[in-house]
Amino acid sequence: MRILLLTGKGGVGKTTLAAATAARVAAAGGKVLVVSTDPAHSLADALGTELGAEPAEVRLDGSRAVLHAAEVQTRALVDGTWRELREHLRTMLQGAGVDEVDAEELTVLPGVEDLLALSEVHRLASSGLWDTVLVDCGPTAETLRLLALPESLAGYLERLFPAHRRAVRGLLAGIAGSDQVQRWDAVADGLGRLAERLSALKDMLADPGTSVRLVLTPESVVAAETRRTLTALALQQIRVDGLIANRVVPDPGSARGAAAQWLRTRRREQEDVLDSLRSATDLPLRVVEHRAAEPVGAEALQELGAELYGEADPLENLPAAPAMRVTGGGRTLEAEYDLRIALPLHPAAELDLARIGDELAITVDGRRRLVALPAVLRRCVVTGAVAGDDGLTVRFRPDPEQWMR
């Protein structure tokens with residue numbers, strides 16, 4: 001299964017390019033679904049057809065090829081799926097002595113709409129009906145929150161009600177059979193299913209077949225956000241397979257006149273922005289020129305897809321690189337270790353590191369992630385860190401007190 005998520009700053013054309021990519025894959029014979037999780041749905045507008053929550057067939061002009069498309073309706077998911085899970089959480093909190101009003105407020109989890117939208121993508125991808133699922137995500141800020149939710153909520157759930165406690169409650173329910181224990185058993189069952197769902201979403205995002213493709217326009221403000229997004233996605237260990245620069249003004253060539261001069265100047269400015277991106281990352285960068293007519297409908301999207309990818313594979317993915325690597329070693333207290341973390345940092349990145357037990361807390365531009373330390377480093381102390389364009393290196397040395405235990 002290939003899952004490709006397209007996102008970018010609002011207004012850069014990610015929906016149109018997601019639809020064009022889907023059209024290109026379908027024209028080559030692929031079984032493809034393009035689905036929008038953007039609350040401000042415009043996928044139906046790009047395809048020139050009506051769409052709903054369930055996938056609908058969209059036939060490509062001049063061929064027998066078809067693609068399927070859908071727009072996730074998060075409000076309906078909240079009213080349906082989340083209601084049961086929220087009731088389980090409320091029962092659990094009240095059973096733990098939390099006031100009823102406080103329990104009500106605690107179960108209103110921010111971002112639950114994003115979580116359910118991602119769950120719907122997982123449900124559709126798991127159906128086996130398509131080889132490829134293309135996701136038209138919301139703007140980058142919403143997408144970063146969306147992709148971080150499965151891990152953050154799984155950690156929240158485990159700290160609030162650990163798996164071993166849920167298992168014990170289920171065992172007690174089978175033995176005792178009391179109403180109170182049976183109620184807790186129902187709670188444990190509901191939370192267990194929530195934990196399984198979160199685990200499935202984490203696995204989907206970590207799968208080698210899942211990647212993000214960033215869409216941008218060649219403007220300095222947009223490029224700066226793109227560099228920050230690359231760092232944020234690397235922090236979440238989400239693979240990015242490329243960039244698409246949209247709406248690059250055509251090259252006027254040797255034409256003369258005020259209009260040609262304006263195009264020439266604007267093109268130079270855009271090329272400078274693109275060159276800065278190329279120097280900041282090794283990711284492939286595709287370019288789409290600004291079109292005179294808005295690409296709406298299957299035929300226009302096929303043409304755009306052909307321009308975008310040419311003879312290349314639209315689903316080409318980069319090989320997985322290790323997120324962390326430990327080097328160094330030794331058998332004495334003078335041993336030194338380097339923990340290499342693949343975390344490209346933009347020039348203005350604000351980085352903070354903290355050791356919390358067996359985890360390393362990495363905060364970049366206000367976004368924090370806890371990274372579990374490899375076993376060999378858990379009895380070591382941090383002695384320094386070096387940050388560069390290509391990653392972060394944290395240095396460790398054995399802690400004498402712990403090493404001798």
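The model is predicted: local features need pLDDT of at least 70, side-chain atom pairs count only at pLDDT 80 or more, and totals for chains, interfaces and linings use all residues. Residues are numbered from 1 along each chain as its sequence is written. Helices (H or I, at least four residues) and strands (E, at least two) are DSSP runs, numbered from the N terminus.

**Helix 1**
- Helix 1 covers residues 14-27 and reaches 20 Å from its first C-alpha to its last, close to the 20 Å expected at 1.5 Å a residue; the expected span is 1.5 Å times one less than the number of residues.
- Its buried residues include K14, T15, L17 and V25.
- Just after helix 1, G29 adopts a positive phi of about 100°.

**Helix 9**
- Helix 9 (residues 220-235) has 16 residues that should span 22 Å at 1.5 Å a residue, and its end C-alpha atoms lie 23 Å apart, which agrees.
- Among the buried residues of helix 9 are V222, E225, T229 and L235.

**Sheet 11-12-13**
- An open sheet is formed by 3 strands in the order 11-12-13, with antiparallel pairing; two strands pair if DSSP finds at least two bridges between them.
- Strand 11 (351-356) and strand 13 (367-372) stand at the edges with a single partner strand each, so one side of each lacks a neighbour in the sheet.
- Strand 11 pairs with strand 12 (residues 359-364) over 6 bridges in the antiparallel sense, and A354 stands opposite A361 in strand 12.

Technical notes
Side-chain values use heavy atoms; hydrogens and water are left out. Buried means under 20% relative accessible area, exposed over 50%, partly exposed in between (1.4 Å probe, protein chains only).
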